[in-house]
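Consider the structure below, taken one region at a time. The walk-through starts with charged side chains and then turns to nonpolar ones.

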Amino acid sequence: MDVTFVRALKVWWSFVWRGFVLGLAVMIPVEIVMFGILFSHMPTTKGQQLDPTVAARMFPVMALVWLVMMIGFVFMQGLAMRWMLRSAVWSDFRVAILPKDAS
C-alpha cells in the first residue's frame, strides 16, 4: 500500500490530538507550580523591587521545573503514540506494529 500525503496526515493528526489531550495533563499542574513559585517572590507593595538574590535563587528552580516538564512531555508523547497505535481506525487503511523478520 502506498503511503500518501492524506494517509500520513491522518496518522499525524491522530497522534497530535491525543498528544494535546495528554499534554494538558502535564502542562496544567506544572504551570500552577511555576506560577505559584513566581508569584510568591513578586514584590507586594508599590515601588518595591524584586531582590536580585531571590531572583538568582529562582533560576535553578525554574530549570528543574523545565526539566521535569520536558521529561513529562517525552513520556506523554510516548503514551500518545501508544494510544494512537492501539486504537486509531481509519476507513481505508490501518497501522500495525509487526515483529522484525527472523532472517
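Which residue forms a salt bridge with arginine 7? In this predicted model, the partner is aspartate 92, and the closest N and O atoms of the pair are 3.4 Å apart. Arginine 7 belongs to helix α1 whereas aspartate 92 lies in the segment after α2, so the bridge ties together parts that are 85 residues apart in sequence. Aspartate 92 also pairs with lysine 10, here with 3.5 Å between the closest N and O atoms. Lysine 10 is in helix α1 as well, so this second pair ties together parts 82 residues apart in sequence. The structure holds two salt bridges. As for accessibility, aspartate 92 counts as partly exposed because its relative value is 36%, and lysine 10 counts as partly exposed at 28%.

Serine 14 is also placed in helix α1. Is serine 14 buried or exposed? Its relative accessibility is 8%, so it counts as buried, the cut-off for that class being under 20%. The side chain of serine 14 makes a polar contact of 3.4 Å with the side chain of tryptophan 90. Leaving aside residues up to four places away in sequence, serine 14 touches Met84, Ala88 and Trp90.

Next come the nonpolar side chains. The largest nonpolar core has six residues: Val26, Val30, Val65, Met69, Phe73 and Met76. Helices α1 and α2 (52–87) are the elements that give two or more residues to this core, and α2 supplies the largest share, four residues. Valine 26, one of the core residues, touches Met69, Gly72, Phe73 and Met76 when residues up to four places away in sequence are not counted.

Phe5, Val6, Leu9, Trp12, Trp13, Trp17, Phe20, Val21, Leu24, Ile28, Ile32 and Trp83 make a nonpolar surface patch of about 1,300 Å². Helix α1 (residues 5–40) contributes the largest share of this patch, eleven residues. Phenylalanine 5, a patch member in helix α1, has a relative accessible area of 66% and is therefore exposed. In soluble globular proteins, nonpolar side chains tend to be buried together.

Finally, aspartate 2 sits in the segment before α1. With a relative accessible area of 59%, aspartate 2 is exposed.

Key: Residues numbered from 1 in each chain as written. Predicted model: local features only at pLDDT ≥ 70, side-chain atom pairs only at ≥ 80, totals over all residues. Heavy atoms only, no water. Patch = residues over 30% accessible without salt bridge, like charges linked within 9 Å, V, L, I, M, F, W, Y side chains within 5 Å. Areas by Shrake-Rupley, 256 points an atom, 1.4 Å probe, with all protein chains shown as cover. Salt bridge = Lys/Arg side-chain N within 4 Å of Asp/Glu carboxyl O. Buried < 20%, exposed > 50% of the residue type's maximum accessible area, 1.4 Å probe, protein only. Polar contact = N/O pair within 3.5 Å; in protein donor to acceptor, adjacent residues only side chain to side chain. Contact = heavy atoms within 4.5 Å. Core = buried A, V, L, I, M, F, W, Y, C linked by side-chain atoms within 4.5 Å.
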